[in-house]
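Hi everyone, thanks for coming.

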Amino acid sequence: MAPHSLWSQLQRRLQQQLAPEEYETWFRPLRARSFGDQKLVLVAPNERFLSTLEESYRPELDRAIAGLNQSGVEILLVLDEADSLGLAPVSAEAPTSA
């Protein structure tokens with residue numbers, strides 16, 4: 001199964017389990033990176049998301065994946081590599097000279 005397909009199913013399950021504001025705040029920004037060896041890797045946009053998801057929403061993630069009859073699947077939350085390297089988004093504008 002493709003990571004995005006499993007993530008889409010998981011998102012639908014989470015939307016049923018959570019209040020709309022919680023889902024939109026904490027789960028909508030996540031991206032599926034890969035799925036292999038029974039591990040779905042989801043990318044969090046920053047450290048705040050990562051720690052909040054692990055501390056406050058891990059049970060919901062585990063319940064949602066079990067509800068999809070995917071109880072053998074482990075969900076791994078990782079930090080976006082650009083954020084972890086301290087990289088800022090690149091501006092498309094050319095620098096101005098004074």
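So, which residue just after H3 takes a positive phi? That would be Asn69, with a phi of about 60 degrees. Before going further, please keep in mind that this is a predicted model.

Okay, the overall picture. We've got 4 helices and 3 strands, and starting from the N terminus the order goes α-α-β-β-α-β-α. There are 98 residues in the protein, and 34% of them are buried. If you take the contacts with a separation of 6 or more, 67% come from residues 24 or more positions apart. As for the surface, the protein exposes about 6200 Å², with carbon and sulfur atoms supplying 49% of that.

Now let's stay with H3 for a bit. This helix covers residues 47–67, and it bends by about 75 degrees at Tyr57.

At the N-terminal end, H3 is capped by Asn46. A side-chain oxygen of Asn46 sits 3.1 Å from the backbone nitrogen of Arg48.

And Arg48, is that one buried or exposed? Its relative accessible area is 56%, and exposed means over 50%, so Arg48 counts as exposed. Arg48 lies in H3, and 31 residues separate Arg48 from Leu79 in sequence, yet their C-alpha atoms are 9.7 Å apart in space.

That's my tour, happy to go back to any part of it.

Methods: Residues numbered from 1 in each chain as written. Predicted model: local features only at pLDDT ≥ 70, side-chain atom pairs only at ≥ 80, totals over all residues. Heavy atoms only, no water. Helix = DSSP H or I, 4+ residues; strand = E, 2+ residues; numbered from the N terminus. Buried < 20%, exposed > 50% of the residue type's maximum accessible area, 1.4 Å probe, protein only. Contact = heavy atoms within 4.5 Å. Areas by Shrake-Rupley, 256 points an atom, 1.4 Å probe, with all protein chains shown as cover. Bend = angle between axes of the 7 residues up to and from the residue. Polar contact = N/O pair within 3.5 Å; in protein donor to acceptor, adjacent residues only side chain to side chain.
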